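Hello,

Here is the structure you asked for, with notes on what turned up in it. Please have the model open while you read.

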Amino acid sequence: TISFQRDMFCLRAAGSPAKRALALLVTKRAQKRRRTFSVLSSSPIASSSSSSSVPLKNTGTTTTTTEIPSEKRPARVEHCDLKSLSNNKKLSEALHGEITDVTERYFQALIEFGAVYISDELEEDFQLEPNTVKHKMKRIRSDVILPAGSRHYVRAHVNPRRFLAAGETRWMDCILKETDDFVVVMKPSGLPVSPSVDNAKENVLRCVWSALRVGNENDDEATKLFPTHRLDVTTSGVVVVAKNSKAASIFSKILRDGFVEKQYLALTENPAKIGLMTHEYEPSERTIGKGARTVKMKTLKLSEDDTASYLKKKTQIPSNVAILRVEKSEPVAVNGKTFYENTVKLITGRTHQIRAQFSKENLALINDCLYLNANDGETAPPRVPEPEEKIGLHALSLKINAETSLGPKGVEFRAENDIWWRSS
C-alpha cells in the first residue's frame with residue numbers, strides 16, 4: 001500500500017483545500033486498485049536478441065511465477081564484473097553468486113522483466129571504469145549461459161519501477177483503430193508508451209502487442225511495435241504506434257512537418273485565459289541525484305508578424321519557442337468541488353509543454369507534483385508523480401492532415417471516454 005508519508009507529501013504538494021481533497025480521492029482509488037502481480041513465464045527469447053558478439057546460449061528454462069513487488073521500493077542498481085568463471089554458468093546463477101541477498105530465481109524474474117543489462121564479452125585486461133562500456137550494454141530478456149573463462153559487465157535493477165495499470169487495463173477495449181501499419185490506442189494513465197530502463201513489460205507497446213500479437217513470434221518484442229510520439233506516464237489519451245519501422249518514420253515526418261493537430265484537456269483550479277500562450281522554452285540537463293528533470297518556461301512576447309508567420313507555418317517556429325492555444329475553459333464538478341476543464345490545442349510539441357506553460361501562468365494542473373504554481377509558497381520540492389497519481393491532463397484528440405493507412409486527409413481520433421475526473 002501507499003505509505004502514509006507519501007500520501008501526506010502528495011497532499012502538501014497539492015496546494016489549496018480543494019486540490020488536497022481531489023488528491024486524496026485519487027490516492028484512495030489507487031490504493032483500492034493496488035495488488036501484487038506475478039511475472040508469468042514467457043517463451044525464451046532467442047539468443048540473437050542479445051549482442052551477436054556475445055557467445056551466449058539460452059538456458060531453455062522459464063520462470064513459473066516469481067513476484068516482482070508491486071509496492072515502490074528504493075532504487076537499487078547493482079553493477080557486476082563477472083569474470084574468471086571456472087565453468088559454464090547461468091547468468092542468474094552468476095549474479096546470485098556475487099549478490100547473495102538476491103535469489104537466483106528472483107534474478108531470473110528480473111531478466112524476463114527487462115531489468116538486467118549485459119555487455120559484449122570483454123578482454124581479460126579490459127580496464128573497467130565508469131561509463132566505459134555503457135555503449136555496449138544490451139537489455140537481455142532470457143537467462144543465458146556464460147561460457148567458462150568469459151568476462152562480462154552486468155547491470156541489474158533490483159527494484160524495478162512498476163506500472164500496475166498494464167495489468168488492470170482491458171487493452172482490446174483501448175484500440176481505436178488498427179491498420180496494416182498503425183494502431184491508434186487510448187492510453188490509460190499510469191504507464192509509459194515505451195519500455196522504461198528497468199521495466200520492459202509494463203508499457204503501451206508491449207501491452208498492445210500482447211493483445212494483438214503483432215509481428216513474428218521469434219522477433220524481439222522491442223521491434224514488434226514502434227512509438228511515433230509519446231505521452232507522459234500520468235497522462236491519458238490518444239497515441240499512435242506503428243507496426244514497422246517504415247511506418248514509424250513516415251508518421252514521425254508527418255509530425256515534424258506540422259500535419260498533426262493535437263487537442264488536450266487540462267484540469268486546473270482556476271480558469272485559463274482564452275487565446276495563445278507563448279513562452280521561451282528551455283529544457284534542463286538530465287542530472288543524477290539532483291532531483292527530477294524538468295523544463296523551464298520564460299515569458300515571451302511575440303510580435304504580430306512573428307505570431308502570424310508561426311501560425312501559418314509551424315515548421316518555422318524556433319525550437320526554443322513554445323506555443324499553445326486555450327480554446328475553452330469551462331467549470332466542471334469533481335467530487336463536489338468546482339475546477340476548470342481547459343481545452344488546449346498544441347501549436348508546438350515540446351516536452352512537458354502544457355504542464356510547464358500552465359505552471360508558469362500559475363495554473364498548475366491538478367495533482368501535478370512536478371510543475372507547481374510559482375506563487376503556491378509550498379515547501380515540498382517538485383517531484384515526479386507516481387504512476388498511480390493521475391494528473392489533470394488528457395490527450396483528447398489527434399487529427400492527421402495527411403493521407404495514411406489510417407484514413408484520408410483530415411481523419412481524426414478522439415478519446416472521450418475514461419477521463420478520470422469526469423467519472424468522479
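**A bridge between two strands**

Tyr 117 has Arg 155, in β9, as its bridge partner. The model is a predicted one. The side chains of these two residues also meet: Arg 155 lies over the face of Tyr 117, at 4.2 Å from the ring centre. The strands involved are β6 (residues 116-118) and β9 (residues 152-157), which pair in the antiparallel sense over three bridges.

**The sheet around it**

Both strands belong to an open sheet of four strands with antiparallel pairing, in the order β4-β9-β6-β7. At its edges are β4 (77-82) and β7 (138-139), each of which pairs on one side only. As background, strands of a sheet pair through backbone hydrogen bonds, either parallel or antiparallel. Helix α3 (residues 91-98) lies across β4, β6 and β9, and runs at about 105° to β4.

**Asp 198**

Asp 198 is in the loop between β11 (182-187) and α6. Is this residue buried or exposed? Asp 198 counts as buried because its relative accessibility is 11%, and the cut-off for buried is under 20%. Not counting residues up to four places away in sequence, Asp 198 touches Phe 113, Gly 114, Ala 115, Arg 139, His 157, Asn 159, Pro 160 and Arg 161. Asp 198 and Val 158 are 40 residues apart in sequence, yet their C-alpha atoms are 8.7 Å apart in space.

In soluble globular proteins, nonpolar side chains tend to be buried together. The largest nonpolar core here has 53 residues, and those with the most contacts inside it are Val 185, Val 208, Ile 354, Phe 358 and Ile 400. Helix α6 (residues 204-212) gives the most to this core, with six residues. A second, separate core has 24 residues, among them Ile 68, Val 116, Val 144 and Val 154.

To look at one residue of the largest core, take Ile 354. Leaving aside neighbours within four places in sequence, Ile 354 is in contact with Tyr 264, Ala 266, Leu 324, Val 344, Leu 346 and Leu 393.

**Aromatic pairs**

The structure holds two aromatic pairs. One of them is Trp 420 with Trp 421: the ring centres are 5.5 Å apart and the planes stand at 85°, so the pair is edge-to-face. An angle over 60 degrees is what that label requires. Trp 420 is buried, with a relative accessible area of 8%, and Trp 421 is buried too, at 0% relative accessibility.

Regards

Terms used:
Residues numbered from 1 in each chain as written. Predicted model: local features only at pLDDT ≥ 70, side-chain atom pairs only at ≥ 80, totals over all residues. Heavy atoms only, no water. Pairing = 2+ DSSP bridges. Contact = heavy atoms within 4.5 Å. Axes fitted to C-alpha atoms, helices over the stretch in contact; angles between N-to-C directions. Core = buried A, V, L, I, M, F, W, Y, C linked by side-chain atoms within 4.5 Å. Buried < 20%, exposed > 50% of the residue type's maximum accessible area, 1.4 Å probe, protein only. Phe/Tyr/Trp six-rings, centres within 6.5 Å; stacked < 30°, edge-to-face > 60°. Lys NZ or Arg CZ within 6 Å of the ring centre and 35° of its normal.
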